[in-house]
Amino acid sequence: MSDNEDVTRRRLYWHSRRGMWELDLLLMPFLEACYDELSPGDKELYRELLAQEDQDLFVWLMRREWPQDPEMRRLVQMIVEHAETTDRSRHQAL
């Protein structure tokens, strides 16, 4: 990993920690397990997702509503599906 990628990764880590436990339990494991495998376009989309308000992220990630943008909706669904199929016990101490 280059220095630039390392800096980007650390920034994403801190932006993924939202201070809302429910969001942290979804975003942090996704970042750790899936981000590196995303396409460049999906990586950019993840960065855009992190720029959204916590309230919007909460309703999207709790599946109460979906983003209007189809690509953002697809990414949110990927995060939700990852959370539903992953052992979260190791993330309980976030």
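In the predicted model, helix 1 makes the greatest contribution to the lining of the largest pocket, supplying 5 residues. The lining comprises 10 residues in total, and those nearest the centre of the pocket are Glu-5, Thr-8, Tyr-35, Asp-36 and Lys-43. Two elements, helix 1 and helix 3 (40–50), each give two or more residues to this lining. The volume of the largest pocket is about 170 Å³. Sorted by class, its lining holds 5 charged, 3 nonpolar and 2 polar residues.

Tyr-35, one of the residues nearest the pocket centre, also belongs to an aromatic cluster, in which ring pairs link Tyr-35 with Phe-30 and Tyr-46. Tyr-46 is part of helix 3. Its relative accessibility is 0%, and Tyr-46 is therefore classed as buried, the limit being under 20%. When residues up to four places away in sequence are set aside, Tyr-46 touches Leu-12, Ser-16, Leu-27, Phe-30, Leu-31, Tyr-35, Leu-75 and Ile-79. Tyr-46 and Met-72 are separated by 26 residues in sequence, while their C-alpha atoms are 8.3 Å apart in space.

Across the whole structure, 3 aromatic pairs were found. One of them joins Tyr-13 and Trp-14, whose ring centres are 5.1 Å apart; the planes of these rings meet at 85°, over the 60 degrees required, and the pair is therefore edge-to-face. The two partners fall into separate accessibility classes: Tyr-13 is partly exposed, at a relative accessible area of 28%, whereas Trp-14 is exposed, at 58%.

Arg-18 is located in the loop between helix 1 (3–16) and helix 2 (21–34). Despite being a charged residue, Arg-18 counts as buried, because its relative accessibility of 17% is under 20%. The side chain of Arg-18 takes part in a polar contact with the side chain of Asp-54, at 2.7 Å. It also reaches the backbone oxygen of His-15, at 3.3 Å. Beyond its neighbours within four places in sequence, Arg-18 is in contact with Leu-23, Asp-24, Leu-27, Leu-50, Gln-52, Glu-53, Asp-54 and Leu-57.

Helix 4 is followed by Arg-63, which lies in the loop between helix 4 (54–61) and helix 5 (70–84). Although Arg-63 is not a glycine, its phi is positive, at about 60°. Arg-63 is partly exposed, with a relative accessibility of 49%.

Definitions and conventions
Residues are numbered from 1 along each chain as its sequence is written. This is a predicted model: local features need pLDDT of at least 70, side-chain atom pairs count only at pLDDT 80 or more; totals for chains, interfaces and linings use all residues. Side-chain values use heavy atoms; hydrogens and water are left out. Rings of Phe, Tyr and Trp (its six-membered ring) pair if their centres lie within 6.5 Å; planes under 30 degrees apart count as stacked, over 60 as edge-to-face and the rest as tilted. Buried means under 20% relative accessible area, exposed over 50%, partly exposed in between (1.4 Å probe, protein chains only). Helices (H or I, at least four residues) and strands (E, at least two) are DSSP runs, numbered from the N terminus. A polar contact is a pair of N or O atoms within 3.5 Å; within protein, one must be able to donate a hydrogen and the other to accept it, and residues adjacent in sequence count only if both atoms are side-chain atoms. Contact means heavy atoms within 4.5 Å. On a 1 Å grid over the protein atoms alone, a cavity is a set of points where a 1.4 Å probe fits but cannot get out, and a pocket is an open set with protein on both sides within 12 Å along at least five of seven lines; lining residues have an atom within 4 Å of a point. Grid points are joined across faces, edges and corners, and a volume is the space filled by probe spheres set on the points.
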